[in-house]
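Open the model in your viewer and get ready to select residues.

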Amino acid sequence: MTFDFGAIWENRDILIEGIFNTLLISFIAIPIGIFIGVVVCLLRISKRRVLRWPAIVYIELMRNIPLLILIFMMFYALPFYGIRLSGLTTGFICLSIYGGAYFAEVFRGGVEAVSKGQFDAAKALGLKYGFYMRRVIFPQLYTYVFPPGTNIALTMIKESSLLSMITVAELTYAAHDINGRTFTPVETFATIAVIYWVICTLFLKLTQMLQSHVDTDDISNSMALR
Amino acid sequence: METARTTSLSSVSAEPEAMVEIRGMNKWYGDFQVLTDINLTVQSRERIVICGPSGSGKSTLIRCINRLEEHQEGDIIVDGIPLTQDVKNIDQIRSEVGMCFQQFNLFPHLTVMENCLLAPMSVRNTSRKEALTLAQRYLEKVKIPDQADKYPSQLSGGQQQRVAIARALCMQPRIMLFDEPTSALDPEMINEVLETMEELAREGMTMICVTHEMGFARKVADRVVFMDQGQIVESAAPETFFNNSKNDRTRKFLQQVLQH
């Protein structure tokens with residue numbers, strides 16, 4: 001059997017657009033997801049029920065509904081209520097709120113791993129809640145949060161492939177497209193798999209570099225006091 | 001410095017007022033009553049040592065004074081401010097009450113100096129320059145000015161506890177609470193911390209210490225408070241407490257603590 005990678009090379013424009021869109025969606029959705037995660041985490045650990053419950057409901061919904069269903073609801077069902085979003089926008093939103101729920105749980109685990117004594121000391125010094133969360137508690141989370149947080153981000157990159165189902169021209173959609181034109185499923189999907197692998201591996205390396213930077217510098221990170 | 005502050009404040013309220021006043025305080029964890037009918041008045045410049053068997057509620061009691069624990073019944077008044085649900089009062093009390101913990105609880109991601117700067121700059125709005133001077137002064141007082149740029153993990157336990165004392169002092173508190181400050185220390189480090197505390201006492205700081213260091217109690221305390229099963233059993237001058245206690249529970253406790 002011979003492999004015909006030439007067919008893919010001829011369609012490289014489609015491929016490049018796919019890579020671009022996958023990166024675009026992921027690298028917008030991940031930071032937004034982290035931001036949502038921080039906010040929802042703070043709500044989730046609140047002592048007030050009014051704040052805590054919406055966060056719990058949100059997290060449970062996101063964890064127990066398939067991402068694909070969420071995407072379909074937003075793309076196909078919302079127009080019935082007069083809200084029409086483009087595929088790309090749907091992608092940003094769905095991936096962000098999906099990842100956000102998982103980030104929130106990871107951050108909560110981190111906050112709970114910080115010793116109670118740190119909270120006692122911060123309160124006893126008279127520091128305000130927002131201030132000590134930001135300057136005392138959250139900076140101590142990195143070690144706990146980095147590895148599981150990286151996993152969530154990687155999952156988000158890979159799950160963005162589901163957006164091909166609503167015709168977002170990301171990597172997986174590009175593969176379908178090329179395969180449809182050339183009928184070279186082996187070569188096409190192998191190529192796509194390698195590209196996903198490269199993107200994820202590079203991302204992993206990046207976070208590992210970041211983490212070791214945070215770990216050694218740690219602590220000397222000057223975010224504490226400027 | 002310290003004295004200037006005290007005089008300026010005492011001129012506001014002329015009569016010597018109780019620093020801490022606790023009246024008829026009760027506290028429960030669920031159904032379990034941890035503190036029963038606590039009455040305790042601590043005058044300005046008074047040094048109180050609280051002792052008693054473990055689980056007797058000593059730590060819980062002092063943690064109620066700055067609202068690390070909430071009490072359900074009774075009144076706590078700190079430096080004239082009633083401790084209520086009012087966040088403003090709680091904040092004000094916390095800024096006047098310094099505290100040191102058994103496990104030091106220094107912030108591990110900040111240097112010694114940054115640990116000392118954090119509260120004065122954010123709570124008191126002290127300028128960085130002033131806060132630095134203040135921190136330098138208190139680090140010198142606890143005899144570790146040269147460790148200012150190190151991280152807590154690079155210091156010995158005794159040094160960490162002294163930094164914790166300096167950190168609390170940087171807020172220039174009117175009262176210091178100590179929650180078993182030497183219990184987590186190796187024996188050879190206990191003295192350096194006790195000496196720092198003694199010096200603080202000599203300078204007239206109002207102090208409430210939960211400790212098992214009976215030598216310290218004898219030497220420094222104006223009054224020893226003995227607690228058992230969530231109640232204050234006895235409150236007496238060290239002389240009376242150690243030598244002439246009429247209370248059976250106190251005598252039994254002292255026998256156990258002092259026989260070694």
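Start with the lining of the largest cavity: by class, it has 7 nonpolar, 1 polar and 1 charged residues. Keep in mind that this is a predicted model.

**Stop 1: the largest cavity**

Select A121(A), A124(A) and L125(A).

Now colour by element. Two or more lining residues come from each of α6 (116-124) of chain A, β6 (97-100) of chain B and α6 (157-169) of chain B. Which element gives the most to this lining? It is α6(B), with 3 residues.

**Stop 2**

Keep A124(A) and L125(A) selected. From chain B, take R94(B), S95(B), V97(B), G98(B), A168(B), M171(B) and P173(B). These residues line the second largest cavity, which holds about 30 Å³ of space. Here α3 (87-96) and β6 of chain B are the elements that give two or more residues to the lining. By class, this lining has 6 nonpolar, 2 polar and 1 charged residues.

**Stop 2: where the chains touch**

Show both chains. In contact are 25 residues of chain B and 22 residues of chain A. The two chains bury about 2100 Å² between them. Of that area, 66% is on carbon and sulfur atoms.

Select F107(B), H109(B) and L118(B) next. In chain B, these residues lose the most area to chain A. Together they account for 28% of what that side buries.

**Stop 3: links across the interface**

Zoom in on D120(A) and R63(B). They form a salt bridge, with the closest N and O atoms 2.9 Å apart. How many salt bridges does the rule find across this interface? It finds 2. It also finds 4 residue pairs in polar contact, both residues at pLDDT 80 or more.

**Stop 4: the chain B side**

Select α3, β6, α4 (112-123) and α6 of chain B. Each supplies at least two residues of the side that touches chain A. The most come from α4(B), with 6 residues. By class, this side of chain B has 15 nonpolar, 4 polar and 6 charged residues.

Methods
Residues are numbered from 1 along each chain as its sequence is written. Chains are lettered from A and ligands numbered from 1 in the order in which they are written. This is a predicted model: local features need pLDDT of at least 70, side-chain atom pairs count only at pLDDT 80 or more; totals for chains, interfaces and linings use all residues. Side-chain values use heavy atoms; hydrogens and water are left out. On a 1 Å grid over the protein atoms alone, a cavity is a set of points where a 1.4 Å probe fits but cannot get out, and a pocket is an open set with protein on both sides within 12 Å along at least five of seven lines; lining residues have an atom within 4 Å of a point. Helices (H or I, at least four residues) and strands (E, at least two) are DSSP runs, numbered from the N terminus. Ala, Val, Leu, Ile, Met, Phe, Trp, Tyr, Cys and Pro count as nonpolar, Asp, Glu, Lys and Arg as charged, and the others, Gly among them, as polar. Grid points are joined across faces, edges and corners, and a volume is the space filled by probe spheres set on the points. Contact means heavy atoms within 4.5 Å. Buried area is the accessible area (1.4 Å probe) that two parts lose on being put together, summed over both. A salt bridge is a side-chain nitrogen of Lys or Arg within 4 Å of a carboxyl oxygen of Asp or Glu. A polar contact is a pair of N or O atoms within 3.5 Å; within protein, one must be able to donate a hydrogen and the other to accept it, and residues adjacent in sequence count only if both atoms are side-chain atoms.
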